[in-house]
Amino acid sequence: MRSQEINPHFSFLKKTSKKLKKKWRFRSIIWLKLFFALLFFWLLVAIFYYLWSLTFDLSKIGQMSQRSLIYDRYGKVYSLAGGENRQIIPFDKVSNYFVNALISREDARFYQHHGIDPIGIARAVIRNLLLGGIRQGGSTITQQLARNSFSLGGHTMNRKLLEAAMAFRIETELSKEKILELYMNRIYFGPGLYGVESASQAYFNRPASQMSLAQGALLAGLIRSPNHLSPFNNLHGALQQQALVLKRMEELNLITKEEHTKALHEKIKSPTHRIFHMQNSWATDAILRELAQVLPADTIDSGPLHIMSTIDPELQHVAEHSLLKRLAEIESQALFQEQHRLQKHTHLYISNQKKPLTQIFQTDGDEEVVKADGVRRIMKSDDDSMSTFYSRKTSRSTQHPSDFPTSAVDRYEIPGLSLEKNQIRLEGALLAIDNASGGIVAIVGGRDYKTSQYNRAITAERQVGSLAKPFVYEKAFEKGLTPESLVSDAPLTPAELPEAFKTYHPQNSDGTFQQWLPASYGLIHSRNTMSVRIGLSVGLEEVATTLEHLGLNNKILPYPAICLGSFESTLKNITAAYTALATGGERLQPHLIEEVTDANGKILFLATRGRISVLDRVATHTTRELLKKVLTEGTGSRALSLGLKKPAAGKTGTTDHFFDAWFLGFIQSLTCGVWVGFDKPQTIMRGAYGAEIALPIWVDFMESKATDRYPAGEL
């Protein structure tokens, strides 16, 4: 046979093909090894982060701060008491329209993935690359729930991996409906609104279960930028997002074209429903103080609580307004301005030094002479916005604008010097109690809660002055004294006084003394000498004990001056004591909280509405009749010209040197006390009697329309 010849070219191709196959096989093996290495690496990463996720307590996802609410005496929400403004509701209490809108907006493949959506992530990456920047996120609803429930760190790859592991674990342990329920209750929907129920109530004034398609789509559209898109301030922007959500819902066949069109044409108005905020007010502050006394701290913190208070919001407003208005009127009086112009002083400081070098006292006109660093200076106040400092040593003047901050101290700055001009503000307080229950219906602790949270109605202890006299007379009437019994109004003699008080010589407010007068006259016209004599006849020990039983003070020493109210008490305690005169002898327990319940309606606290019998009923009736005359012919007769028309009884009170002005009185259903003075005791002004200073506030309150719902029959 003839041998075949081999084509050299073919042989070369064959050898080349073998080499290429070998080379590709080698590369494939390398790539395969790299693939499995990467797969093994990511498997280790996944195992690591999943094990890390196991260290988190998933039960905390459902632990969300809920709002505790304070309700007024009529059952309406008065203030947020604490926690986030959230109401947790179950999945089946949320409108299906909102659920579908939420899924369309945030996670269209929610029911197809297991916490992580690779398709969604890839789509987001491509979209962001095409459009530039981060235009779309790849986080699922479950990932968002994990991120919002736990502190996982900042915007890092480490956080994203842990978030993905947490989402996988959540999907493993919780149902889809439970995940949605937790997410809808947790997320933020705008200013002060947490959870779908609070948002629906605030924006649409309806529960989440009753949201329409248009409302559900609008609410879902807020989630990515809740503050910016809130309908409270940007309804137009919210409606634009609503349109996008509705379009997406139609694309996913969750709604029909007709439903889409109808929802777009549904009218949505700017919300007017009030969001529950924490009221910075005397009433809220006092209620929270009392809450801390009746419930343990862990119960309050765990919440949510429903706190039923005794506050009447209309009466509270009247009390705050009247106090502020009347204090301003007092400060505008010439006598007041003269009194405090003469006492005004300032301190001169070298910059960066706290110790005052000298005091500056106002002299004639508006010049004030100072001396510091051996230099005599005169400060002249040209007007309210400019001060000129004249130096006798340099004969130069320096002018500077004043700062006038909102606080009680005005600060002036000049090169090398700082001047503080101390200004005093007249303060006041009011407290009113319901005579049927003991509930406090109004409480004002000062003229402005924003500048001072010191509650003078329940904390400040001041001398009560003549407010103590009715209780002295009541004890005397109980022992047989009658209103017609004659009592001397002459100066007290040493023979009448206890051994340790022989030099005690009380004066009457008008500076006069009279002879024998009916006992009734002593109370109606607040005669000091008569009141002390009556107290001495009762016995100072018994007077002191009675005042203590009324709750005015824990320890009152049996001195003659206690008959004139020389001891201290709070406005709350003296007002509560006067409820004994209003009710016929029973002192009511003043309180601000009637009931506290938890989220399930379980009663955690219930007021006892305590009533303590402390005064004799017949003697109290006699005393009350005289206190009625105080307002018609006695020290409080100015009440008639101030507009008092309701049957009422009460007593004025003024302490030495006009440091404190009081009025305590009651109508059939309300007892109210008013105090006016300075935080640091000093003279208000000459003639600052209780009838002039405190009584106008009391009459404003008692004759306001807000009191019309409280009976005011004959006493």
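Guide: Let's take helix α4, residues 141-149: seven of its nine residues are buried, so the helix is largely enclosed by the rest of the structure. Buried here means under 20% relative accessible area, exposed means over 50%, and partly exposed is anything in between, with a 1.4 Å probe and protein chains only. Helices (H or I, at least four residues) and strands (E, at least two) are DSSP runs numbered from the N terminus. The buried set in α4 is I141, T142, Q143, Q144, L145, A146 and S149. What do they pack against? Their partners are α2 (96-106), α5 (157-173) and α6 (176-186), where a contact means heavy atoms within 4.5 Å.

Some ground rules before we move on. This is a predicted model, where local features need pLDDT of at least 70 and side-chain atom pairs count only at pLDDT 80 or more, while totals for chains, interfaces and linings use all residues. Residues are numbered from 1 along each chain as its sequence is written, and side-chain values use heavy atoms, leaving out hydrogens and water.

Of the contacts between residues at least 6 apart in sequence, 66% join residues at least 24 apart.

Now a strand: β21, residues 593-597, is mostly covered, with four of its five residues buried. Two strands pair if DSSP finds at least two bridges between them. On one hand, β21 pairs with β5 (residues 306-309) in the antiparallel sense over four bridges, and H306 stands opposite T597. On the other, β21 runs antiparallel to β22 (residues 603-606), joined by three bridges, with L606 in β22 as the bridge partner of E595. β21 and β22 make a hairpin with five residues between them, and G601 in that turn has a positive phi of about 85 degrees.

Two non-glycine residues also have positive phi. N253 comes in at about 60 degrees; N253 lies in the loop between α10 (235-251) and α11 (257-264) and is exposed, with a relative accessible area of 69%. F658 has a phi near 60 degrees and belongs to the loop between β24 (649-654) and β25 (660-666).
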